[in-house]
Amino acid sequence: MSGPSLRPRRFAGRPPGALPGYVPGADIPTDDQRASSRAGSMWLVKAATGVLLVVFLGTHLVAQHFLVEGGLRDYDAVVAYLRHPVALVAELGLLVTVIVHAALGVRAVLVDLLPGERALRRATWIIGMVAMVSLVYGIGLTLVVLGG
Amino acid sequence: MTRAGVRRRATAWMTPRWRDPGWYAFVLNRFTGLILVAYLLAHFVVLSRLTAGSEGWNDLLGLFGSRPFLVGDVLLVSAVIFHGLNGVRVILLTLGRGTRRSGLMFGVVLVASAALAALAAWGILFA
């Protein structure tokens, strides 16, 4: 069945002889052991925060924008919203989950590029620091707004 | 891994030929995810204006309520909707559900995303 075809197909299908699931670039040597030991270790956290984000981000978008006249809360409305305990919990929950989810996502992109061990460690450290700073900043900002 | 290897791996992602539907889903998920990360950081920066009180914050509302920003909001909400729906698909596949129908699920995700995004666009731009 296989063999040289008379009219080679361009830009469609797969290369001759390739199986379904063929991936361009898959011939590039990979460190399978490292990839398998690291890539999946945080999937459950990502899935859990992802599900929580549907709830928290959905609440955020609807309450902060879609239900608001003009789509944007002015300062007094922002403060009034945050004074509501349920809203405060939802916003802080959103803050934590979105930061964790984003940090894991950015790291996953880097892991797939398979940089050297040292580069990946450094990148992970930077991502962690940005995440921590964002978290502290977000909580601090909430407290300032609530106090002011 | 050499630098050339990293570069080849990065460009190999961008080859749209010879792909299965799952690859398009993966790339769209990555693309929207990175956009959302960039927006998240910008959002944090903008929110710092809340510390300036009502003058500092309310002055921004006119800008963010303008047409170009609302169009940007539509694109952003569309990215959120796709990323979220595809995320549900990824979770199902990770749990081993519907692995034989992942392409069909991707189609459902695309259609549902388009419908919800159109609804959001109507709400943001015209309602």
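**A helix pair across two chains**

Me: Where does α2(A) bend, and by about how many degrees?
Reply: This is a predicted model, where local features need pLDDT of at least 70, side-chain atom pairs count only at pLDDT 80 or more, and totals for chains, interfaces and linings use all residues. Residues are numbered from 1 along each chain as written, with chains lettered from A and ligands numbered from 1 in written order. Helices are DSSP runs (H or I, at least four residues), numbered from the N terminus. The bend, the angle between axes fitted to the seven residues ending at a residue and the seven starting there, is about 30 degrees, at A:Leu53.

Me: Are α2(A) and α4(B) parallel, perpendicular or oblique to each other?
Reply: α2 (residues 43-66) of chain A and α4 (residues 67-94) of chain B pack at about 140 degrees, axes 10 Å apart. Angles under 35 degrees count as roughly parallel, over 145 as roughly antiparallel, 65 to 115 as roughly perpendicular and the rest as oblique. The pair is therefore oblique.

Me: How many residues of the contact of α2(A) with α4(B) are charged?
Reply: Contact means C-beta atoms, placed from the backbone, within 7 Å. Among the residues that meet are A:Trp43 and A:Gly50 in α2(A), and B:Gly84 and B:Ile91 in α4(B). The contact has six nonpolar and four polar residues (Gly counts as polar; Asp, Glu, Lys and Arg as charged). Charged residues: no charged.

Me: Is B:Leu76 buried or partly exposed?
Reply: B:Leu76 is in α4 of chain B. Buried takes 20 or more other C-beta atoms within 10 Å, exposed 12 or fewer, and partly exposed lies in between. B:Leu76 has 19, so B:Leu76 is partly exposed.

Definitions and conventions. Axes fitted to C-alpha atoms, helices over the stretch in contact; angles between N-to-C directions. Contact = placed C-beta atoms within 7 Å.
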